[in-house]
Amino acid sequence: MKKILLCTALLLLTSLTFAQKYSSKTGKVTFEASVPLFEDVHAQDDNNIVVLNADTGDMASISIVKNFHFKVKLMEEHFNENYAETTKYPKTTFTGKILNFDKDKLTAAPQKYTVQGKLNFHGVDRAVSSAATLYAKDGKIYMQGTFTAKPVDYNVTIPKMVTKKVAENVSVEYNYILVKQ
């Protein structure tokens with residue numbers, strides 16, 4: 001399975017073949033769709049694959065949707081079967097660019113950037129923009145960021161009996177430690 005993921009990520013990133021690349025196979029992506037007074041709707045994937053072209057700021061990532069784990073197994077099961085439909089849509093991808101990125105200007109002091117690109121989830125491509133913080137330390141690039149997504153924008157149907165228990169706006173966070181390849 002990991003070989004398939006790596007091959008898929010490499011296909012997404014063919015434009016990065018001869019560039020100075022940084023990558024991670026253990027990126028963390030979480031999403032939060034909780035509503036006050038109801039059970040937490042929170043999941044995390046610790047195996048997000050991400051590649052960054054340090055020459056251009058181009059980047060791409062891929063997650064296997066079943067890698068998002070919830071505290072409550074039944075919630076995870078419902079997410080995979082009814083909402084994300086992981087049998088039909090097994091992965092989610094992001095391709096984009098860190099605007100005004102210059103690797104030579106990265107220091108140990110965190111700097112703010114904007115990441116723009118296309119997120120594909122549930123078979124739907126949507127433009128996303130994210131506030132991100134990047135810094136360099138010990139030869140690695142550290143990247144953290146957030147953005148908001150709406151299930152309705154990705155054709156995810158929330159049944160009426162639980163609509164009040166799931167947020168309309170889902171907060172997505174990512175955290176990468178990228179190593180030079």
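A residue counts as buried under 20% relative accessible area, as exposed over 50%, and as partly exposed in between. In this predicted model, Asp-46 has a relative accessible area of 34%, so this residue is partly exposed. Its salt-bridge partner is Lys-28, with the closest N and O atoms 3.8 Å apart. Lys-28 is partly exposed too, because its relative accessibility is 38%.

The whole structure holds four salt bridges. Another of them joins Lys-97 to Asp-58, with 3.4 Å between the closest N and O atoms. This pair ties together distant parts of the chain, as Lys-97 lies in strand β5 and Asp-58 in strand β3, 39 residues apart. Arg-126 and Asp-153 also meet through their side chains, at 3.6 Å from N to O. Here strand β7 holds Arg-126, while Asp-153 sits in the loop between β8 and β9, 27 residues away.

Next comes the interior. In soluble globular proteins, nonpolar side chains tend to be buried together. The largest nonpolar core of this model has 43 residues, and Ile-98 is among those that touch the most other members. β9 gives the most residues to this core, five in number. The contacts of Ile-98 include Leu-52, Met-59, Leu-134 and Met-143.

Technical notes:
Residues numbered from 1 in each chain as written. Predicted model: local features only at pLDDT ≥ 70, side-chain atom pairs only at ≥ 80, totals over all residues. Heavy atoms only, no water. Core = buried A, V, L, I, M, F, W, Y, C linked by side-chain atoms within 4.5 Å. Buried < 20%, exposed > 50% of the residue type's maximum accessible area, 1.4 Å probe, protein only. Helix = DSSP H or I, 4+ residues; strand = E, 2+ residues; numbered from the N terminus. Contact = heavy atoms within 4.5 Å. Lists of a residue's contacts leave out its neighbours within four places in sequence.
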